[in-house]
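Thanks, everyone, for making the time.

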Amino acid sequence: MSEQLRLKEYYPGFDESVVNAVAEVAQRQRSSSWEQIRSKLPDNSVFSTENSSIELMDILPKDYDETWVYHLPMGNPLADHMQLRIATLAAAKPDKRIIAIGNPSGPGQSVGKIPAGSLRAVWKGNLRPTIDPVMRYLGSQQIEQATHIGFSYGAEKAAAASQYSEKYDQQVPSGLFMEPVAIKQRSLLGLGRDFNSTAAALEGYVKASASNPVEEANKRTAEKSHGLVGYALGLLRMSNIAIAHALTDEGFGDRVDNGLASQAEMQAHLVWGTESELATHGLMIKLANRLQAKFGVERVSTMEMVGQKHAMGDDIFLHTAIVLQNLNR
């Protein structure tokens, strides 16, 4: 089966230009190695403010027409598997400056911790402290306009960035929010249970990509981070406990609502799997209807991935196609 047909099995509505672009990248990557791909990426760097720091990777083409900021899922630093996700997106859109932002994780991956004085605010659902250093980095680069993209908890951070961007004299033309988490009230235990349930489908999506570089990058990530034990230890950091509690409330809708209200030209793109363990289908439909009624369908679009689950982002070619389909509009 061609890559184009494989992607259209996920979503028949993909544009031909999208599946063709992703198929070309997939072919190149499958004939390469992760080490060869990684050698063409910039090194991770750390940007620090007076209160906090973030790990980032800034892919800066010689010529580019737009800046995209990508916020990673919860507990994920810019390790090999996430670097490959960003590298695939950058290969498909070489005319974009892509800045990827990591999160605090397991042993040795503490960059990005929330300042102690801000933990209480985050616990209560205010995610501004999680994106403050990101916005300050954009300012340091004289970037006045950026599209924010995020998956899972990253969607929450991307929405928060659009919500607070005016406070940093920033404009957000588009926000792409894939598989958000904070769309209903859950207990911390319930949230943990729902997160854990996403693991069952993950391997299937990884194998569906049929990519040796994906396998190599995942293996290297597991070795460096001590596997599931390291990931679990990372989630026990105070920063991640505060973040998790913030995600137990239904704050995502308000973040997007506030972002659309403060950014008069912004378009919001909502993406979820109809079988998602976290972005519950019925609630996403209800939220989308509310936002479209308030801001119009020309500013709020939806992409329902029929039959797909939360882990669909781990098929990196599907993930890239989703981003292109929404941001090419």
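Let me start with Asp65, which is exposed, its relative accessible area being 54%. Please keep in mind throughout that what you are looking at is a predicted model. The partner of Asp65 is Lys96, and the two form a salt bridge in which the closest N and O atoms are 2.9 Å apart. Asp65 sits in the loop between β2 (53-59) and β3 (66-71), while Lys96 belongs to strand β4 (residues 96-101), so this pair ties together parts that are 31 residues apart in sequence. In contrast to the exposed Asp65, Lys96 counts as buried, because its relative accessibility is 8%, and the cut-off for buried is under 20%.

Let me turn to a group of them around Glu3. Within helix α1 (residues 3-10), Glu3 and Arg6 are three residues apart, which means that about one helical turn separates them. Their side chains meet in a salt bridge, at 2.8 Å from N to O, and both Glu3 and Arg6 are buried.

Glu3 has a further partner in Arg30, with the closest N and O atoms of that salt bridge 2.9 Å apart. Here the pair links helix α1, where Glu3 lies, to helix α2, where Arg30 lies, and so it ties together parts that are 27 residues apart in sequence. As for accessibility, Glu3 is at 10% and therefore counts as buried, whereas Arg30, at 28%, counts as partly exposed. Salt bridges with shared partners join Glu3, Arg6, Arg30 and Asp315 into one network.

Arg30 also brings us to the helix packing, as it is one of the α2 residues that meet α15. How do the axes of α2 and α15 cross? Helix α2 (residues 16-30) and helix α15 (residues 316-327) have axes that come within 9 Å and cross at roughly 150°. That makes α2 roughly antiparallel to α15, because angles over 145 degrees are counted that way. The crossing of α2 past α15 is right-handed.

Which residues make this contact? From α2 come Val18, Ala21, Val22, Ala26, Gln29 and Arg30, and they meet Ile316, Phe317, Thr320, Ala321, Leu324 and Gln325 of α15.

Notes:
Residues are numbered from 1 along each chain as its sequence is written. This is a predicted model: local features need pLDDT of at least 70, side-chain atom pairs count only at pLDDT 80 or more; totals for chains, interfaces and linings use all residues. Side-chain values use heavy atoms; hydrogens and water are left out. Axes are lines fitted to C-alpha atoms, for helices over the stretch in contact, and angles run from 0 to 180 degrees between N-to-C directions. Helices (H or I, at least four residues) and strands (E, at least two) are DSSP runs, numbered from the N terminus. Angles under 35 degrees count as roughly parallel, over 145 as roughly antiparallel, 65 to 115 as roughly perpendicular and the rest as oblique. A crossing is left-handed if the near helix is turned anticlockwise from the far one by less than a right angle, and right-handed if clockwise. Contact means heavy atoms within 4.5 Å. A salt bridge is a side-chain nitrogen of Lys or Arg within 4 Å of a carboxyl oxygen of Asp or Glu. Buried means under 20% relative accessible area, exposed over 50%, partly exposed in between (1.4 Å probe, protein chains only).
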